[in-house]
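Biologist: I'm new to this one. Can you put it up and walk me through it?

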Amino acid sequence: MAYSLAGKVAVVTGAGAGIGRATSLAFARDGARVVVSDIDRGGGEETVRLIVDAGGEAHFVAADTSNAGQIASLIDDTVARYGRLDYACNNAGIGGLQAPTADYPEEEWRRVLDINLTGVWLCMKYEIPRMLANGGGAIVNMSSILGTVGFANSVAYVTAKHGLIGMTQTAALEYATQGLRVNAVCPGFIVTPMLEHAGLLSNPELHQMLINLHPIKRLGTPEEVAEAVVWLCSDAASFVTGHALLVDGGYVAQ
Ligand code: NAP
């Protein structure tokens, strides 16, 4: 599906791989200029190359979303370069260690919450004033099915992703009359480097187990999530705010 995003400017975090890369490509396909941000310079620059090769416009800015100064600079750089900010996909996140709640290491809890929860709040903190200065915009925060249900051995991740939905609803209420919509997307298991690095795709038994968790009997693709993000940002979703959209092959419906 293509929407008319010509003249608009989007920022995507965690855009050097997986869902963030696919979302950046989809924004650019529909005419937006995209600021591709990631902690991984090589991955981010590759996303920019893919966009430019496809005829789009993009620029890479390195930023760690858990670092307030780097996020402030990312948003300042975006507006300095392109003059405005219309859309943001606050997507960067990590899986974190797997351990039962009582055994979960405190340091890992803080690391996962810093990136997956505080990092998204920091992004919104710096994005929102720039969007309001333009008369509004749209933000999509990347939650998960694990923002709506529990998952054993993932207490930090599950807590952060649940928190993102409350954060999204709260910001949606605060800015609803100012032209700014704030939504979340909740993917099921998606084939990305995150799952590869966790060893979930190379082990055939684990891979099949993950597939079986989804009534649709396959994993999702980054492109399927990207379509939901771009739709939520587009004028086609002009009456949608404070929503957490499942893109999960029926996982949560069971
Ligand atoms: P991915 O393949 O690991 O890609 C994420 C990108 O974000 C990587 O380039 C990563 O760099 C970068 N990143 C990590 N920490 C960062 C930080 N602090 N600041 C900026 N960039 C950072 O992940 P993905 O699967 O596309 O996931 C994207 C988002 O979707 C995450 O929030 C994830 O929780 C969510 N999600 C994923 C799934 C799934 O099944 N894949 C399901 C539901 C929700 P490095 O590689 O250098 O770490």
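Modeller: One term before we start: buried means under 20% relative accessible area, exposed over 50%, and partly exposed in between, with a 1.4 Å probe and protein chains only. By that scale Lys217 is partly exposed, at 49% relative accessible area.

Biologist: What are we looking at, and how are residues numbered?

Modeller: This is a predicted model, where local features need pLDDT of at least 70, side-chain atom pairs count only at pLDDT 80 or more, and totals for chains, interfaces and linings use all residues. Residues are numbered from 1 along each chain as its sequence is written, and side-chain values use heavy atoms, with hydrogens and water left out.

Biologist: Back to Lys217. Where does Lys217 lie?

Modeller: In the loop between α7 (204–212) and α8 (222–233). Helices (H or I, at least four residues) and strands (E, at least two) are DSSP runs, numbered from the N terminus. Lys217 is not a glycine, yet its phi is positive, near 60 degrees.

Biologist: And what about phi of Asn153?

Modeller: That phi is positive too, about 75 degrees, and Asn153 is not a glycine. Asn153 sits in the loop between β5 (137–142) and α5. It is partly exposed, at 34% relative accessibility.

Biologist: New topic. How many salt bridges are there?

Modeller: The count comes to 10. A salt bridge here is a side-chain nitrogen of Lys or Arg within 4 Å of a carboxyl oxygen of Asp or Glu.

Biologist: Which residue forms a salt bridge with Arg130?

Modeller: Asp76, with the closest N and O atoms 2.7 Å apart. This pair links distant parts of the chain: Arg130 is in helix α4 (residues 106–133), Asp76 is in helix α3 (residues 68–82), and 54 residues separate them. Arg130 is partly exposed at 31% relative accessibility. Asp76 is partly exposed at 40%.

Biologist: What about Arg111 and Glu108?

Modeller: They form a salt bridge, with the closest N and O atoms 2.9 Å apart. They are 3 residues apart in helix α4, so about one helical turn separates them.

Biologist: Is Glu108 buried or exposed?

Modeller: Buried, with a relative accessible area of 9%. Arg111 is partly exposed, at 41%.

Biologist: Which residue pairs with Arg41?

Modeller: Glu45, at 3.2 Å between the closest N and O atoms. Both lie in helix α2 (residues 41–53), 4 residues apart, about one turn of the helix. Arg41 is partly exposed at 47%, and Glu45 is partly exposed at 41%.

Biologist: Now the ligand. How many residues surround the ligand?

Modeller: 28, the closest being Asp38, Asn91, Tyr157, Ile190 and Thr192.

Biologist: Which helices supply residues of the shell?

Modeller: α1 (18–29), α5 (155–175) and α6 (193–197) each supply at least two. The largest share, 3 residues, comes from α6.

Biologist: What polar atoms face the ligand's oxygen and nitrogen atoms?

Modeller: A polar side-chain atom of Tyr157 lies 2.6 Å from a ligand oxygen. A polar backbone atom of Ile19 is 2.8 Å from an oxygen atom of the ligand. A backbone N or O atom of Thr65 lies 3.0 Å from a ligand nitrogen.

Biologist: Thanks. That gives me a start.

Note on methods. Near = heavy atom within 4 Å. Polar contact = N/O pair within 3.5 Å; in protein donor to acceptor, adjacent residues only side chain to side chain.
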